[in-house]
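Please look through the structure shown here, and then read the briefing that follows, which is grouped by topic.

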Amino acid sequence: IDDPRFVLQTRDLTRQFDGFFALRKVNFRLARDSVHAVIGPNGAGKTTLFNLLTKHLAPSEGAILHDGEDVTRLKMPAMAKRGVVRSFQISAVFAGLTVQENVEVALLRGSGLAWNLLGRISKQSGVAERAAALLRRFGLAEHAETMAGNLSYGRKRVLELATTLALEPKVLLLDEPMAGLGREDIGRVTALIQQARRGRTVLLVEHNMNVVAELADRITVMVRGEIAAEGSYAEVAANPAVITAYTGR
Ligand code: ADP
């Protein structure tokens with residue numbers, strides 16, 4: 001199971017809720033430097049798998065390995081230190097701070113500094129310049145002084161991604177990054193993920209099949225708590241078990 005090609009692996013990962021198996025003996029592997037999408041019908045266990053990998057949930061049984069080491073019992077901050085980071089919930093964008101300040105906070109958090117020193121430190125340590133550079137990269141420069149709370153929903157998502165990437169994760173875990181976005185913002189966030197993937201591994205749970213087809217090198221299809229199929233988009237789209245799961249036929 002300790003295969004260096006895979007940055008994250010699960011071994012018989014299982015999660016029950018009151019005797020109901022949301023996830024049953026799942027052996028999932030995330031290849032290094034890939035973009036990997038997890039798809040499947042509602043209730044398939046995608047979110048449960050994601051929350052186990054991001055340490056929002058503890059497994060009932062089984063193990064999680066990162067870089068070949070058993071990290072089953074590690075908590076989220078320890079994973080972040082190892083470079084495994086999930087996108088923040090949109091609520092973690094501070095509405096009362098400007099866009100620039102939000103990215104500065106993220107950069108300071110990433111460097112482990114208490115951010116009540118934000119103003120002073122960011123002036124001294126080049127954080128302001130780094131934040132500005134990130135904002136330029138993300139097309140948010142013109143909104144640097146905007147209160148984050150006043151951004152459109154789509155731009156908040158872009159800011160969320162910018163604050164996550166400020167931590168320079170090696171493994172980026174994204175939970176439905178396109179949810180609630182319009183076509184234009186989907187295009188923008190897709191391009192950002194394409195850009196962000198360089199030198200990293202990206203795992204996303206995503207419903208939008210166009211996005212999955214465009215972004216993912218590899219796809220895992222979950223059905224009723226188990227892996228029903230795995231492969232490229234073309235491979236899983238042609239898989240009878242997948243067609244049955246989605247159409248009932
Ligand atoms: P998906 O993300 O693929 O829609 P989930 O992982 O959210 O699926 O859920 C898988 C199954 O586990 C569902 O049947 C769901 O009702 C159940 N489940 C998920 N979380 C809980 C929970 N906290 N308590 C009870 N049942 C849960």
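Strand S10 (residues 218–223) and strand S11 pair in the antiparallel sense over five bridges, where two strands pair if DSSP finds at least two bridges between them. This is a predicted model, in which local features need pLDDT of at least 70 and side-chain atom pairs count only at pLDDT 80 or more, while totals for chains, interfaces and linings use all residues. Residues are numbered from 1 along each chain as its sequence is written.

**The sheet**
- Val221 has Ala229 in S11 as its bridge partner, and strands such as these are DSSP runs (E, at least two residues), as helices are (H or I, at least four), numbered from the N terminus.
- The open sheet has six strands in the order S7-S8-S9-S4-S10-S11, with mixed pairing.
- Strand S7 (84–86) and strand S11 (226–231) stand at the edges with a single partner strand each, so one side of each has no neighbour in the sheet.

**Two packed helices**
- Helix H6 (residues 153–165) and H7 pack at an angle of about 10 degrees, with their axes 9 Å apart; axes are lines fitted to C-alpha atoms, for helices over the stretch in contact, and angles run from 0 to 180 degrees between N-to-C directions.
- H6 and H7 are therefore roughly parallel to each other, a term that covers angles under 35 degrees.

**The domains**
- The chain is divided into domain 1 (1–83 + 169–249) and domain 2 (89–166), with bounds from an automatic or database domain assignment.
- Ten residues of domain 1 are in contact with eight residues of domain 2, contact meaning that C-beta atoms, placed from the backbone, lie within 7 Å.
- Helix H7 (residues 183–196) gives the most to the side of domain 1 that touches domain 2, with five residues.

Note on methods. Two residues are in contact if their C-beta atoms, placed from the backbone, lie within 7 Å. Angles under 35 degrees count as roughly parallel, over 145 as roughly antiparallel, 65 to 115 as roughly perpendicular and the rest as oblique.
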